[in-house]
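Please keep the sequence and the model open while reading.

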Amino acid sequence: MSATVSFKVTTPHGPHTVTLSHTRAGRGEPLLLLHGIGHHRQAWDPVVDILATEREVIAVDLPGFGASPTLPDGLPHDLPTMNAALGALCAELEIGRPHVAGNSLGGLLALEMGRAGLARSVTALSPAGFWTQAERRYAFGVLIAMRRLAERMPLPLVERLARSAAGRAALTSTIYARPGRRAPEAVVAETLALAGAPAFAETLRAGTTVRFTDDVPGIPVTVAWGAKDRLLIPRQGVRAKQMIPRARLVRLPGCGHVPMNDDPALVARVLLDGSR
């Protein structure tokens with residue numbers, strides 16, 4: 001069941017109240033799940049039930065995505081602010097230093113939380129930030145094109161396309177290697193989430209200067225990359241391993257940029273192993 005929580009965040013820009021939507025399921029050590037840009041927490045639905053057999057799973061809509069409102073005026077959607085907000089969320093939910101897993105933007109945020117001492121382990125699935133400038137421009141260009149298409153498509157057309165495997169491929173093959181496996185209603189919901197995300201443009205702008213260059217010492221780190229990732233190409237995983245030498249680098253065969261739907265059992269196993 002979804003819930004909304006509001007809490008104070010103190011940053012160099014001053015104290016502000018931030019509100020985030022989230023769900024909680026299962027029992028065990030807490031595992032915080034962070035989605036990518038333009039997506040929502042439902043991206044994790046294919047693996048939540050598996051994870052919840054061993055973890056208390058907290059899936060969050062990041063600020064300005066899904067059901068969460070944007071950050072208050074005066075707070076930028078940048079890494080320091082997101083770190084402060086996610087750390088304050090963990091304190092408000094009384095989960096201490098959780099295990100953190102993230103995909104794409106969420107993977108970068110998970111690594112930043114680990115570096116700041118806010119996570120007890122990190123599992124990053126195709127995390128942002130390990131790109132060259134050319135790779136970043138390519139990825140951002142694809143994301144902008146996906147956003148514009150989602151904004152311009154009338155809902156009846158989205159619903160009609162989502163009813164067939166070919167239509168789901170047309171809508172989501174950039175992020176899924178096996179788009180036909182995605183449920184029609186999920187494809188409609190995530191297309192609407194991409195079109196309606198108020199923080200999309202500002203978050204993307206904040207990412208233009210982002211490049212991950214430091215280690216994440218002192219905690220277990222797993223970096224996993226879909227072998228068929230068409231957005232952040234798999235060689236970026238090799239760079240991640242070079243920058244985080246103690247990290248475990250895992251290849252996800254048959255998986256795309258958002259691998260949770262392509263192979264839920266494999267991704268769940270990687271997340272559980274990474275948080276042990």
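Two strands pair if DSSP finds at least two bridges between them. Helices (H or I, at least four residues) and strands (E, at least two) are DSSP runs, numbered from the N terminus.

## Basis of the values

The model is predicted, with local features needing pLDDT of at least 70 and side-chain atom pairs counting only at pLDDT 80 or more, while totals for chains, interfaces and linings use all residues. Residues are numbered from 1 along each chain as its sequence is written, and side-chain values use heavy atoms, with hydrogens and water left out.

## The sheet

Strand β3 (residues 29-34) runs parallel to strand β5 (residues 99-103), and four bridges join them. Leu 33 stands opposite Ala 101 in β5. Both strands belong to an open sheet of eight strands in the order β1-β2-β4-β3-β5-β6-β7-β8, with mixed pairing. β1 (2-11) and β8 (248-252) are the edge strands, each pairing on one side only. On average, neighbouring strands of this sheet are turned by 25 degrees against each other, direction ignored. Axes here are lines fitted to C-alpha atoms, for helices over the stretch in contact, and angles run from 0 to 180 degrees between N-to-C directions.

Further along the order, β6 and β7 pair in the parallel sense over four bridges, with Val 122 opposite Val 221 in β7. β7 and β8 also pair in the parallel sense, over five bridges; the partner of Val 223 in β8 is Leu 249.

## Burial of β7

Buried means under 20% relative accessible area and exposed over 50%, with partly exposed in between (1.4 Å probe, protein chains only). Six of the six residues of β7 are buried, so the strand is largely enclosed by the rest of the structure. Both of its faces are covered: Val 221, Val 223 and Trp 225 are buried on one side, and Thr 222, Ala 224 and Gly 226 on the other.

## Helices on the sheet

Helix α2 (residues 79-92) lies across β1, β2 (14-25), β3 and β4 (55-60), and runs at about 120 degrees to β1. Helix α3 (residues 105-115) lies across β3, β5, β6 (121-125) and β7 (221-226), at about 150 degrees to β5.

In α3, 10 of the 11 residues are buried, so this helix is largely enclosed by the rest of the structure. Among the buried residues are Leu 105, Leu 108, Glu 112 and Met 113. The buried residues of α3 pack against β3, α2, β5, β6, α8 (200-206) and β7, where contact means heavy atoms within 4.5 Å. Gly 117, with a positive phi near 80 degrees, follows α3.

## Packing around α5

Two packed helices are described by the angle between their axes and the distance between the axes. For helix α5 (residues 155-162) and helix α6 (residues 165-172), the angle is about 120 degrees and the axes are 6 Å apart. The two helices are therefore oblique to each other; angles under 35 degrees count as roughly parallel, over 145 as roughly antiparallel, 65 to 115 as roughly perpendicular and the rest as oblique. Val 158, Leu 161 and Ala 162 of α5 meet Gly 167, Arg 168 and Leu 171 of α6. By class, this contact has four nonpolar, one polar and one charged residues. Ala, Val, Leu, Ile, Met, Phe, Trp, Tyr, Cys and Pro count as nonpolar, Asp, Glu, Lys and Arg as charged, and the others, Gly among them, as polar.

The axes of α5 and helix α7 (residues 184-196) come within 8 Å and cross at roughly 145 degrees. The contact is made by Leu 155, Val 158, Glu 159 and Ala 162 of α5 with Pro 184, Val 187, Val 188, Thr 191 and Leu 192 of α7. These residues divide into seven nonpolar, one polar and one charged. Glu 185, also found in α7, counts as exposed at 59% relative accessibility. Glu 185 and Ala 162 are 23 residues apart in sequence and 7.4 Å apart in space, C-alpha to C-alpha.

## Single residues

Arg 239 lies in helix α9 (residues 235-243) and counts as buried at 16% relative accessibility. Leaving aside its neighbours within four places in sequence, Arg 239 contacts Phe 130, Trp 131, Thr 132 and Glu 135.

Glu 94, in the loop between α2 and β5, is exposed at 74% relative accessibility. Ser 126, in the loop between β6 and α4 (133-152), is buried, with a relative accessible area of 1%.
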